[in-house]
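Thanks for making time this morning.

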Amino acid sequence: LDLGSGTERNAFYFADLGSTVTGYEISETALKVAEKYAKHRELPITYEKRSIGSPFGLADASVDLVLDATSSNSLNREGREVYVRECARVLKPGGMLFVRALCKDGDKNAKVLIERYPGPEPDTYIHPDIGVVETVFTKENFLKTYSEYFDVTFLDKTSHYPAIQGTKYKRNYWIAYFVKK
């Protein structure tokens with residue numbers, strides 16, 4: 001299950017390896033691009049236009065792996081609770097959840113964004129280029145978000161240099177692998 005799959009780069013990778021993939025994406029434009037490519041390549045990918053902060057349309061314990069590559073950062077607290085619960089519900093026992101999330105720890109640019117463009121909840125900001133609310137996590141809050149349903153098997157902090165208002169900034173990210181309890 002590829003959450004916030006965009007134009008499906010991750011879904012294509014796993015489908016090429018022989019996996020059956022479901023991609024959830026909220027952008028109609030991204031879905032059209034992904035569907036066209038997958039159809040052309042005859043890849044086993046099913047797409048659904050949906051928010052990942054609402055119940056998933058999948059059976060209990062039906063998924064081996066859930067991917068969240070910086071998609072849940074745009075969820076509010078309530079949506080994030082649904083997302084985490086649904087990830088746990090659809091994963092098979094021992095299933096894995098991969099998460100890449102925005103990190104607050106040591107990220108001076110995250111702190112500037114929170115200060116200049118404050119969001120509606122703690123540790124959130126309204127992205128100045130796209131108007132989307134994004135959440136940044138301290139290590140403690142990040143692990144707490146998933147701790148009810150998952151055990152962490154790997155956690156690392158990495159950096160990337162995205163552009164905001166035409167200027168590149170260093171941003172920190174959490175990279176985590178969780179296993180369903």
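This is a predicted model: local features need pLDDT of at least 70, side-chain atom pairs count only at pLDDT 80 or more; totals for chains, interfaces and linings use all residues.

E48 forms a salt bridge with R50, and the closest N and O atoms of that pair are 2.9 Å apart. By salt bridge I mean a side-chain nitrogen of Lys or Arg within 4 Å of a carboxyl oxygen of Asp or Glu.

Residues are numbered from 1 along each chain as its sequence is written, and side-chain values use heavy atoms, with hydrogens and water left out.

How many salt bridges does a search of the whole structure find? The search finds eight, and I will pick out two further examples.

One of them joins the side chains of D60 and R89, at 2.6 Å from N to O. This pair links distant parts of the chain, since D60 is in the loop between β3 and β4 and R89 is in helix α3, 29 residues apart. Helices and strands here are DSSP runs, numbered from the N terminus, with helices being H or I of at least four residues and strands being E of at least two. D60 is exposed, because its relative accessible area is 53%, whereas R89, with 25%, is partly exposed.

The other example is the salt bridge between the side chains of D151 and K181, at 3.9 Å from N to O. Here too the pair links distant parts of the chain, with D151 in strand β8 (residues 150–160) and K181 in the segment after β11 (171–180), 30 residues apart. Salt bridges that share partners also join D60, E86 and R89 into one network.

K108, K111, K157 and K170 gather in a patch of positive charge on the surface. A patch is made of residues with over 30% relative accessible area and no salt bridge, and like charges are joined within 9 Å, while nonpolar side chains (Val, Leu, Ile, Met, Phe, Trp, Tyr) are joined within 5 Å. K111 is located in helix α4, residues 108–116, and its relative accessibility of 44% is why K111 counts as partly exposed.

Now a word about the backbone. Most residues other than glycine have a negative phi. A61, although not a glycine, has a positive phi of about 50 degrees, and A61 is found in the loop between β3 (45–49) and β4 (63–69). T70 is not a glycine either, and has a positive phi of about 70 degrees; T70 lies in the loop between β4 and α3 (77–90).

Finally, the chain as a whole. The chain has five helices and eleven strands, and 41% of its 181 residues count as buried. Along its principal axes, the C-alpha trace spans about 45 × 35 × 25 Å.

Key:
Accessible areas come from the Shrake-Rupley method with a 1.4 Å probe; for residues, only the protein chains shown count as cover. Lys and Arg count as positive and Asp and Glu as negative; His and the chain ends are not counted. The place of a charge is taken as NZ of Lys, CZ of Arg, CG of Asp or CD of Glu. Buried means under 20% relative accessible area, exposed over 50%, partly exposed in between (1.4 Å probe, protein chains only).
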